[in-house]
Amino acid sequence: VTGVQRWALPSGPGARGGGHVSGRALVIAWKELLQLRRDRLTLAMMIVLPVAQLLLFGYAINTDVRHIPTVVFDQDRSAASRDLARSMQATGFYDLVGEVESYEEIDRAMRSGRARVGLVVPPRFASDVTRGTPASVQLVVDGSDPQIVASGLNTASSLVLARSSRVLVTRLGRAGAPLSGEPMRLEPLTLYNPDLRTAVFVVPGLVGVILTMTMVMLTAMALARERERGTLEQLIVSPVKKLELVIGKIVPYIGIGYVQMSLILGAGHVVFDVPIVGSLPLLYALASLFIAANLALGLFFSTLAKTQQQAMQMSFFFLLPNILLSGFMFPFEAMPRPAQWIAQGLPLTHFLRIVRGIVLKGSTFPDLVGELIWLACILVALIALASARFSKKLV
């Protein structure tokens, strides 16, 4: 550093002249590079993280929705109805996850997230096709995600049209005369968002995205701010235990998170006419785990960072994977399995299912137990990591 200061302050004749301006600027630039080289954390974030994110997102992001979980309500129980269901699964766009016995069970499967599509085969489906009577099958689609609706309906419509054409060609060959009407047709039914309005899908998701951005950033700078102000040593010598310090840093911001959540939901309902179907008390109760998990993650970032600037950079780098992998912008089902496993570790992935389930579908507590368990495990792991990192700093 002394050498750099001696470089940066040339003396002698012409030291104040314009000829030395470019030289002094180069010295300052060299000093910045030396400081950046010593700041290995920032250097790693600038070089390693963009490359890692490029590889991850380039592999994971896919707008072609495949493997949509599907339940079958087969009222015909014939070889033709079973063949239709198997043909849908053979396309690769649908995964048959079980059979149901009523429309209520289809709705329950969609509210819990177990299924996104329901195939309904009416009674006498096989006999109608055999006799030449137009037969209809129904596709019930979860409208809370417009991309699921588009992919699900388009593929099923093409499949039914192809089967209908084969039946028609077969009959023409046998009877030698054209038939009236299509042998088979698809009747779509869109639940939860029949008008397919984008605001209905986006606004509940924005609750989770905005909370993630603000909550992580608030606590990410907490310990870094204490360190820069010189008050961290007072916390170290105080009788406060490390776990108590972590929890104490989290609790005050939970109320701020609830205020933000209320503002977003209220504005979305009034301005964009987003319906709120389910229980708000249940949503607020489950949101506490999500808010606390993001605050704990920000606190963990704070234990890694040396300055508030580094803490803020970590927060921004974390925000992009949340938006792209959680299902906020791209369907979760469209991602490859390894990317889905990574996304399961993000709190936003599970909160999006909770907030969209409650607000749009009217999901109840039993429907969301799985997401609640995921959030609780993530919260405990993050608090443990933040406590362990702070313990190392004490050492």
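Biologist: How many salt bridges does the count come to?

Modeller: This is a predicted model, and a pair is counted when a side-chain nitrogen of Lys or Arg lies within 4 Å of a carboxyl oxygen of Asp or Glu. By this rule, the count comes to 10 salt bridges.

Biologist: Which residue meets the side chain of Glu99 in a salt bridge, and how far apart in sequence are the parts that the pair ties together?

Modeller: The partner of Glu99 is Arg77, with 3.0 Å from N to O. Arg77 lies in the loop between strand S1 (68-74) and helix H4 (79-90), whereas Glu99 belongs to strand S2 (residues 94-99), so the parts tied together by this pair are 22 residues apart in sequence.

Biologist: Is Arg77 buried, partly exposed or exposed, and which residue forms a salt bridge with Arg77 at 2.9 Å?

Modeller: Arg77 has a relative accessible area of 43%, which makes this residue partly exposed. The salt bridge whose closest N and O atoms are 2.9 Å apart joins Arg77 to Glu101. Because this partner sits in the loop between S2 and helix H5 (103-111), while Arg77 sits in the loop between S1 and H4, the pair ties together parts 24 residues apart in sequence, and the residue asked for is Glu101.

Biologist: Which residue forms a salt bridge with Arg111, and are the two buried or exposed?

Modeller: Arg111 is in helix H5, and its partner is in the loop between helix H15 (347-361) and helix H16 (369-394), 256 residues away, so that distant parts of the chain are linked. Both residues of the pair are buried. The closest N and O atoms are 2.6 Å apart, and the partner is Asp367.

Biologist: Which elements do the buried residues of H5 pack against?

Modeller: The buried residues of H5 are Ile106, Ala109, Met110 and Arg111. The helix lies across S1, S3, S4 and S5, running at about 30° to S4. The elements packed against by these buried residues are S1, strand S3 (117-121), strand S4 (135-142), strand S5 (184-191) and H15.

Biologist: Which strands stand at the edges of the sheet?

Modeller: The open sheet is formed by 5 strands in the order S2-S1-S3-S4-S5, with mixed pairing. Neighbouring strands are turned by 25° against each other on average, direction ignored. Within the sheet, S1 and S2 run parallel and are joined by 5 bridges. Each edge strand has a single partner, so one side of each is left without a neighbour in the sheet, and these strands are S2 and S5.

Methods. Residues numbered from 1 in each chain as written. Predicted model: local features only at pLDDT ≥ 70, side-chain atom pairs only at ≥ 80, totals over all residues. Heavy atoms only, no water. Helix = DSSP H or I, 4+ residues; strand = E, 2+ residues; numbered from the N terminus. Buried < 20%, exposed > 50% of the residue type's maximum accessible area, 1.4 Å probe, protein only. Contact = heavy atoms within 4.5 Å. Pairing = 2+ DSSP bridges. Axes fitted to C-alpha atoms, helices over the stretch in contact; angles between N-to-C directions.
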